[in-house]
Amino acid sequence: MGRLHRSCIAIVALAGLLASACAFAAANNKELEARANATDDRLAALESRVNQSLIELQQQLEVSRQDLRTLRGQIEEARHELESLLQQQRDLYADLDRRLLVVENTPGGTPAAAGGATNPPAAVFADESSVYGDAFAAMKAGRYEEAARGFQVYLAKYPRGPRADNATYWLGEALYMQQDFESALKSFQAVGAFPESRRLADAMLKVAYCQYDLKAFRNSRATLQKVISTYPESEAARQAQTRIEQMNAEGR
């Protein structure tokens with residue numbers, strides 16, 4: 001009987017140990033599961049943040065690509081505009097040289113002065129041609145300050161001379177190249193005093209450029225639109241449209 005009693009006590013003790021072990025294991029499993037869930041949550045949050053950062057980075061890259069495309073377009077437009085201006089200048093120089101050559105080779109021949117004035121004496125015309133030629137030579141050589149002075153002398157001596165409209169235009173160009181935009185603006189506007197001048201479209205375009213450089217963007221846009229409506233088939237109109245597109249891209 002004593003032996004049986006001791007066996008029962010041992011069994012009960014073993015059962016208690018097993019129960020304690022199971023309870024301990026269950027508690028440990030819950031703790032481990034809780035830790036695992038917490039880890040999963042942290043990983044999910046981290047993954048979400050990483051994904052959001054990647055999306056924002058992708059958006060920034062796309063914006064940068066768009067800005068780069070816009071900038072390249074503006075550079076191409078500016079390059080094309082510069083090439084057109086240079087070609088236009090070369091054509092104008094060639095045309096002027098041809099006209100000067102005709103005058104030099106025509107004894108006593110003088111073109112009619114603007115505004116219907118009578119032809120000046122040959123000696124006076126020779127001086128007129130010389131004054132203008134010297135100023136224009138300085139302009140072609142890039143001596144803009146000297147050119148401006150020369151055209152001012154010409155206009156002071158021959159305000160209605162045969163080249164007065166060209167002198168007024170090139171005076172504006174010489175001043176513009178010196179970044180004296182206010183004085184250049186006045187000179188380009190003064191070309192309008194010669195209603196028969198072939199410089200009217202170009203001068204109006206340069207008025208818009210001066211207004212732009214003076215940050216009068218609304219006036220510049222209005223003048224550009226006037227160039228297009230007044231001289232729709234001219235090279236100046238095409239350049240005006242290009243500048244409007246550039247201002248649109250700039251938000252001005």
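Predicted model: local features only at pLDDT ≥ 70, side-chain atom pairs only at ≥ 80, totals over all residues.
**Helix packing around H6**

Good morning. H6 and H7 are roughly antiparallel to each other, because the angle between them lies over the 145-degree cut-off.

Helix H7 covers residues 217-230, and it packs against H6 at an angle of about 165°, with the two axes 8 Å apart. H6 passes H7 in a left-handed crossing. On the H6 side, the residues in contact are Met 204, Leu 205, Val 207, Ala 208, Gln 211 and Tyr 212. They meet Phe 217, Asn 219, Ser 220, Thr 223, Leu 224, Lys 226 and Val 227 of H7. Sorted by class, the contact of H6 with H7 comprises 8 nonpolar, 4 polar and 1 charged residues.

I turn next to helix H5. How do the axes of H5 and H6 cross? H5, residues 181-190, and H6, residues 200-213, have axes that come within 9 Å and cross at roughly 160°. H5 and H6 are therefore roughly antiparallel to each other. This crossing, too, is described as left-handed. H5 contributes Phe 181, Ala 184, Leu 185, Phe 188 and Gln 189 to the contact, while H6 contributes Ala 203, Lys 206, Val 207, Cys 210, Gln 211 and Asp 213. The residues of this contact fall into 7 nonpolar, 2 polar and 2 charged. Val 207 and Gln 211 of H6 are named in the contact with H5 and again in the contact with H7.

The next partner is helix H8, residues 235-250. Its axis lies 9 Å from that of H6, and the two helices pack at an angle of about 15°. H6 and H8 are therefore roughly parallel to each other. The crossing of this pair is left-handed. From H6, Ala 201, Asp 202, Leu 205, Tyr 209 and Tyr 212 take part. From H8, the residues are Ala 236, Gln 239, Ala 240, Arg 243, Gln 246, Met 247 and Glu 250. The contact of H6 with H8 has 7 nonpolar, 2 polar and 3 charged residues. Leu 205 and Tyr 212 are listed here as well as in the contact with H7.

Let me now consider charged side chains. The structure holds 7 salt bridges. One of these joins the side chains of Arg 163 and Glu 128, at 2.7 Å from N to O. This pair links distant parts of the chain, 35 residues apart. Arg 163 sits in the loop between helix H3 (144-157) and helix H4 (164-177), and Glu 128 belongs to helix H2, residues 122-140.

Finally, a word on confidence. The protein chain averages a pLDDT of 79, and 65% of the residues score at least 70. Over residues 104-124, pLDDT stays under 50. For that stretch, the model has 20 contacts beyond four places in sequence.

Thank you for your attention.

Methods: Residues numbered from 1 in each chain as written. Heavy atoms only, no water. pLDDT = per-residue confidence, 0-100. Contact = heavy atoms within 4.5 Å. Axes fitted to C-alpha atoms, helices over the stretch in contact; angles between N-to-C directions. Helix = DSSP H or I, 4+ residues; strand = E, 2+ residues; numbered from the N terminus. Parallel < 35°, antiparallel > 145°, perpendicular 65-115°, else oblique. Left-handed = near helix turned anticlockwise from the far one by under 90°. Nonpolar A, V, L, I, M, F, W, Y, C, P; charged D, E, K, R; others polar. Salt bridge = Lys/Arg side-chain N within 4 Å of Asp/Glu carboxyl O.
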